[in-house]
Each structure stands twice: as structure tokens, then as C-alpha cells.
Amino acid sequence: RRSARYRPREMATGSPPEIVWAQRNDVLLVTIRLTDIRDHKLDVTETNIAFQAKGGTGGEVHNFSFDFFKEINPQESKQRLTSRDLFLKLKKKEPGPYWKHFAKQGKLHYVHTDFNKWRDEDESDGDEEEPELDNLMQQMGGLGNSDQDMDLPTDSDDDTDNEALPDLEEPTSAE
């Protein structure tokens, strides 16, 4: 007798990690929010994305698979793995109007809008921050370069947060 958890799929059973996404006319900006990602498998085709990894506080298995709303170009897409997440810049196959949804299936409970990266469709052409994003992505490499961690900034000596705080005064007792 098979257990209720048996899945006749290639992926192990696990919960999906949180995914946030934003888009421009020509790219999708996708962040898979999962800390300490290990043993990850990412398969991106023109029509589908599949992900499986161990990660998070308990090191559990997390996975998902779904079809994109429209096609992307996986050869021109890139990824960046950090200790906090996996960032993907997926090139749309055909630039144009914003997609109604990220997934062909519509709204998925673990996929949310990344309002920190979101731009309205009419603002997408004149972005001042796009060169910064392009520079970041040039450093990231293609989808096959996933073993890199992003360098985190180091504390500098001129950081005002490191100044000494004055001693606390002793409380006076009311008599």
C-alpha cells in the first residue's frame, strides 16, 4: 500500500518557497525567497520553470513547477544565488505588454508581486535604475552559474552606527 505522501513525480514532496516577481517590457525579475539553499535543481524552459532545493531554517525540501503565462528565452536569462535567495532575470521571448500573471495557471498562493522592483508599464521605458540592474546582471552570469554567493558589504570605520553610546544614569528612588 502506498503512503498518502507518495508522488509519482521526479521531485520530492515539499512545500513551495515564497516567490516574488516584477516585470519590465522585456524581462521578468524573480526572487525565490529561501535561505541557505542547498542541493538545488532549477530547470527553466521556454514555457516552464521547475525548482527543488533544501533550505530554510529546518533544511526541508522545497519545490514548485508551473508554466509561464507566456514564453521566455532561457538562453538569455540569468540567475544569482545568495545565502538569502535565488534571483532570476528571465528574458521574455517577445517584449511587449506586461503579463497579466506570472503563471499560466493564474494566481498561485506562494507567488506575490515584488513591489520593491515593480514599475508601472508606462514607466518601464525611462527607468533611471535600469543601468544598475543591468550592471548587477552582468556580474551574475548565465543560468548555469549558480554556485556564486553575492559579496555582502563590510562595515566601514566611518559608520555612525558604531559610535559609543553614553552611559545610562542610575535611577533615583522616590522617597
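E18 is partly exposed, at 34% relative accessibility; here buried means under 20% relative accessible area, exposed over 50%, and partly exposed in between, with a 1.4 Å probe and protein chains only as cover. The model is predicted, so local features need pLDDT of at least 70 and side-chain atom pairs count only at pLDDT 80 or more, whereas totals for chains, interfaces and linings use all residues. Residues are numbered from 1 along each chain as its sequence is written, and side-chain values use heavy atoms, with hydrogens and water left out.

**Overall fold**

The chain holds one helix and eight strands, in the sequence order β-β-β-β-β-β-β-β-α. These elements are DSSP runs numbered from the N terminus: helices are H or I with at least four residues, strands E with at least two. Of the 175 residues, 38% are buried. Contacts (heavy atoms within 4.5 Å) between residues at least 6 apart in sequence join residues at least 24 apart in 64% of cases.

**Salt bridges**

Side chains of opposite charge can pair when their charged atoms come close. A salt bridge is counted when a side-chain nitrogen of Lys or Arg lies within 4 Å of a carboxyl oxygen of Asp or Glu. The total is five salt bridges, including those tabulated here.

| Pair | Closest N to O distance |
|---|---|
| E18 and R33 | 3.6 Å |
| K93 and E71 | 3.1 Å |

Salt bridges with shared partners join E46, E71 and K93 into one network. Because K93 lies in the loop between β7 and β8 and E71 in the loop between β5 (60–67) and β6 (72–81), their pair ties together parts 22 residues apart in sequence. K93 has a relative accessible area of 40% and is partly exposed; E71 is also partly exposed, at 35%, as is E46, at 34%. R33, the partner of E18, is partly exposed with a relative accessible area of 39%.

**Backbone and surface charge**

Most residues other than glycine have a negative phi. D36, in the loop between β2 (27–33) and β3 (38–44), has a positive phi near 50 degrees and is partly exposed, at 45% relative accessible area. D39 lies in strand β3, has a positive phi of about 50 degrees and is exposed, at 56% relative accessibility.

D120, E121, D122 and E123 gather in a patch of negative charge on the surface. Such patches comprise residues with over 30% relative accessible area and no salt bridge, like charges being joined within 9 Å. D120 lies in the loop between β8 (111–113) and α1 (130–140) and is partly exposed, with a relative accessible area of 40%.

Key
Patch = residues over 30% accessible without salt bridge, like charges linked within 9 Å, V, L, I, M, F, W, Y side chains within 5 Å. Areas by Shrake-Rupley, 256 points an atom, 1.4 Å probe, with all protein chains shown as cover. Lys, Arg positive; Asp, Glu negative; His and termini not counted. Charge placed at Lys NZ, Arg CZ, Asp CG, Glu CD.
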